[in-house]
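User: I am new to this structure and would like to go through it step by step. Please show it to me, and then let us talk about what can be read from it.

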Amino acid sequence: MESQKKSIQPANKTSASEEDKEEQCCANTSCEESEKQEPSSPKQGDFSDPVYKEIAVANGTINRMNRDQLCAKCAELKLDTRGVKDVLKKRLKSYYKRQNLMHSAAANGNIDVYFDYICVVDYEATCEENNPPDYLHEIIEFPMVLIDTHTLEIVDSFQEYVKPVVNPQLSEFCVKLTGITQARYMNCLLN
């Protein structure tokens with residue numbers, strides 16, 4: 001029996017050392033199996049593309065900014081300057097990520113833009129805090145921005161106030177919600 005134990009032990013040692021070699025081989029990048037794989041090419045989700053380094057650098061710069069610097073940068077880029085520091089950071093990071101990815105895609109010819117410009121409209125309407133089901137909403141502001149789809153920048157803007165017929169007096173809730181005061185609203189309608 002002792003001789004059987006001895007013969008089993010070397011076999012176990014051999015298979016264990018073979019497993020070690022196999023693990024080392026798989027960890028080694030020059031492994032024959034690894035050589036058979038095709039080299040990776042830049043594609044969506046491949047973080048070795050240089051554009052991701054640019055995004056990381058921009059994110060690092062944004063992380064080191066104080067709130068005043070973040071507000072100034074948002075104002076410079078015509079982004080919303082409201083919010084706490086973390087919101088401003090996220091807004092700027094999102095902006096730079098979108099810009100870098102769009103420029104990279106355009107440079108590689110990987111972007112399909114069907115329109116040169118788009119108009120974004122955000123109507124404001126009369127409202128009350130607890131609108132009844134039959135409440136008639138009327139447009140009080142007709143704003144629009146024209147965006148260049150290639151640069152994602154605002155090219156032009158338009159804003160016009162509209163006088164409601166059914167509810168010409170704005171409710172307190174409507175003023176708080178939209179930021180449109182009765183005085184400002186009426187002055188614009190007269191001009």
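User: In what order do the elements of the chain run from the N terminus on?

Analyst: This is a predicted model, in which local features need pLDDT of at least 70 and side-chain atom pairs count only at pLDDT 80 or more, while totals for chains, interfaces and linings use all residues. Residues are numbered from 1 along each chain as its sequence is written, and side-chain values use heavy atoms, with hydrogens and water left out. Helices (H or I, at least four residues) and strands (E, at least two) are DSSP runs numbered from the N terminus, and the chain has seven helices and four strands. From the N terminus on, their order is α-α-α-α-α-β-β-β-β-α-α.

User: Which residues make up the largest nonpolar core?

Analyst: A nonpolar core is a set of buried Ala, Val, Leu, Ile, Met, Phe, Trp, Tyr and Cys residues joined through side-chain atoms within 4.5 Å, where buried means under 20% relative accessible area, exposed over 50%, and partly exposed in between, with a 1.4 Å probe and protein chains only. The largest such core has nine residues in all, namely Ile 62, Met 65, Leu 70, Cys 71, Cys 74, Leu 79, Leu 88, Leu 92 and Tyr 95. H4 and H5 each supply at least two residues of this core.

User: How far from Cys 74 is the nearest cysteine sulfur?

Analyst: A disulfide is a pair of cysteine sulfur atoms within 2.5 Å, and the structure holds zero disulfides. Cys 74 is therefore in no disulfide under that cut-off, for the nearest cysteine sulfur, that of Cys 71, is away from it by 6.6 Å.

User: Is Cys 74 buried or exposed?

Analyst: Cys 74 belongs to the largest nonpolar core, and a core is by definition a set of buried residues. With a relative accessibility of 0%, Cys 74 counts as buried.

User: Which residue forms a salt bridge with Lys 73?

Analyst: A salt bridge is a side-chain nitrogen of Lys or Arg within 4 Å of a carboxyl oxygen of Asp or Glu, and a search of the whole structure finds two of them. The closest N and O atoms are 3.3 Å apart, and the partner is Glu 76.

User: What is the distance between the closest N and O atoms of Arg 82 and Asp 80?

Analyst: Side chains of opposite charge can pair when their charged atoms come close. Arg 82 is exposed at 61% relative accessibility, whereas Asp 80 is partly exposed at 32%. These two residues form a salt bridge, and their closest N and O atoms are apart by 3.0 Å.

User: Where does Lys 78, with its positive phi, lie?

Analyst: Most residues other than glycine have a negative phi, and most peptide bonds are trans. Lys 78 is not a glycine, yet its phi is positive, at about 60 degrees. Lys 78 is exposed, with a relative accessible area of 65%, and its place is the loop between helix H4 (67–76) and H5.

User: Where is Leu 152 placed?

Analyst: Leu 152 also has a positive phi of about 60 degrees although it is not a glycine. At 31% relative accessibility Leu 152 counts as partly exposed, and its place is the loop between strand S3 (139–148) and strand S4 (153–161).
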